[in-house]
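Good morning, colleagues. I would ask you to keep the sequence and the structure in view while I speak.

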Amino acid sequence: MIFETTYPNNNYPIILKEHALSELHAFFKEDEQNIVLIDQDVYQLHRQYIKSCLSQYDIKFLTIVSGEACKDLSYFESVCDKLLSMNITRQSQLIAIGGGATGDFVGFLAATLLRGIDFIQVPTTLLAHDSAIGGKVGINSTVGKNLIGAFHRPRAVIYDLYFLNTLPTTEIRSGYGEIYKHAILNSEEKVNQLMNVYPSIKELERLNDIEHYLKMGIETKLKIVIEDEFESGVRKNLNLGHTFGHGLEYLTKISHGEAVMIGILFQKVINQHITHYDNHDSIFKFINYLKEIGYPLSILYAVETEIDAIFEYMKKDKKNIGQSIQMVLQDGDGSFTIESVSKEQVLDAFTELKSLINE
Ligand SMILES: O=C(O)C(=O)C[C@@H](O)[C@H](O)[C@H](O)COP(=O)(O)O
């Protein structure tokens, strides 16, 4: 399956299929450096496969630390130095093979080195169906997640479903958080469809029909980012679940998508009071669903004494205006709205959520 973005210019293809990696070479630049930066765990796991697709081409490989650890400023500096000492030029190209963190990190290298060079996203996780699309790239600061970044479109997204076969359960659950978010942003019908196909972790682990739902997620996201590339309006809706989610993730280091799913639950509790979209029954149904899939809801008890720290992270969110926390909520009619939420409302929602989980 091949999509093409529909920006007014500089569009890029998204190739979504099993063994898409064997088509990557079509995007190599002749007589220029093509440098693959690959998550070291992905390299260990798939070395033979990657070699079978790429060994006949003149490309360089750099392994990078796995997961979120690469999105660190001092690590960024060390990889910048390494690439610059390889004499890259503005015509060189980076290729990110890995999950969302790898794509964010390599994309940020590409956005900043020599004031911008090309890069290609080769996502290897479910989660990265989200992060590889739309050009948000960046690294973390000690103050919060993704606070150092840029918008930099990839030259292509080569999404090889083969890599999904070895995903651990936590990664599947994490990616599903963003798939579920996209379904919410799409329609209630898509949410129900998703919950019917994946009623529990057993079905989700089989990844039946996953190509269809990844396509749905990508299409939902594309529609939004093409309308509002630089997040001045509707793109903020893609941050659904991320305000609380990013704080929880940053504090506890649970996976991004698991934190986002808990963030979506948190947003539902807030909805109940501000927009009245959700009510006790809808929240309770959602909690039971999250339990079926195995989201780590008990983490909310583990962070009980650190809710102030989560609140401090929430205060660093890029959607905020001044000191006021802005959260994406669902309005009464199911549309989306961004509302100011006070510390008191956050604390009340947190207390309420903990008791709802135990009901
Ligand atoms: O692409 C976007 O826009 C998103 O908000 C997608 C999010 O799912 C993604 O996690 C993103 O990296 C978060 O963006 P941030 O601006 O809050 O760091």
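This is a predicted model: local features need pLDDT of at least 70, side-chain atom pairs count only at pLDDT 80 or more; totals for chains, interfaces and linings use all residues.

Helix α3 is followed by Leu-114, whose phi is positive, near 55 degrees. Residues are numbered from 1 along each chain as its sequence is written. Helices (H or I, at least four residues) and strands (E, at least two) are DSSP runs, numbered from the N terminus.

Leu-114 is not a glycine, despite that positive phi. The residue sits in the loop between α3 (100-112) and β6 (118-123). By the definition used here, a residue is buried if 20 or more other C-beta atoms lie within 10 Å of its own, exposed if 12 or fewer, and partly exposed in between, with C-beta atoms placed from the backbone.

As for α3 itself, its 13 residues reach 18 Å from the first C-alpha to the last, close to the 18 Å expected at 1.5 Å a residue. The expected span of a helix is 1.5 Å times one less than its number of residues. Of the 13 residues of α3, 11 are buried, so the helix is largely enclosed by the rest of the structure. Among these buried residues are Asp-104, Phe-105 and Phe-108.

Asn-10 lies in the loop between β1 (2-4) and β2, and it counts as exposed because it has 9 C-beta neighbours inside 10 Å.

I turn now to the domains. The assignment, which is automatic or from a database, gives domain 1 (2-165) and domain 2 (168-358). Their C-alpha centres lie 26 Å apart. The contact takes 22 residues from domain 1 and 27 residues from domain 2, where two residues are in contact if their C-beta atoms, placed from the backbone, lie within 7 Å. On the side of domain 1 that touches domain 2, β2 (13-17), α4 (128-131) and β8 (144-151) each supply at least two residues. Strand β8 gives the most, with four residues. That side of domain 1 divides into 12 nonpolar, eight polar and two charged residues. Here Ala, Val, Leu, Ile, Met, Phe, Trp, Tyr, Cys and Pro count as nonpolar, Asp, Glu, Lys and Arg as charged, and the others, Gly among them, as polar.

Which domains contribute to the shell around the ligand? Both domain 1 and domain 2 give at least three residues each. The residues surrounding the ligand include Asp-130, Lys-136, Asn-146, Glu-178, Arg-235 and His-242; a residue is near a molecule if its C-beta atom, placed from the backbone, lies within 6 Å of it. The shell has one nonpolar, five polar and six charged residues.

**Helices α5 and α6**

Helix α5 (residues 169-186) has 18 residues and reaches 25 Å between its end C-alpha atoms, close to the 26 Å expected. It is largely enclosed by the rest of the structure, because 15 of its 18 residues are buried. Glu-188 lies in helix α6 (residues 188-197) and counts as exposed because it has 10 C-beta neighbours inside 10 Å. Glu-188 and Gly-334 are 146 residues apart in sequence, yet their C-alpha atoms are 8.3 Å apart in space.
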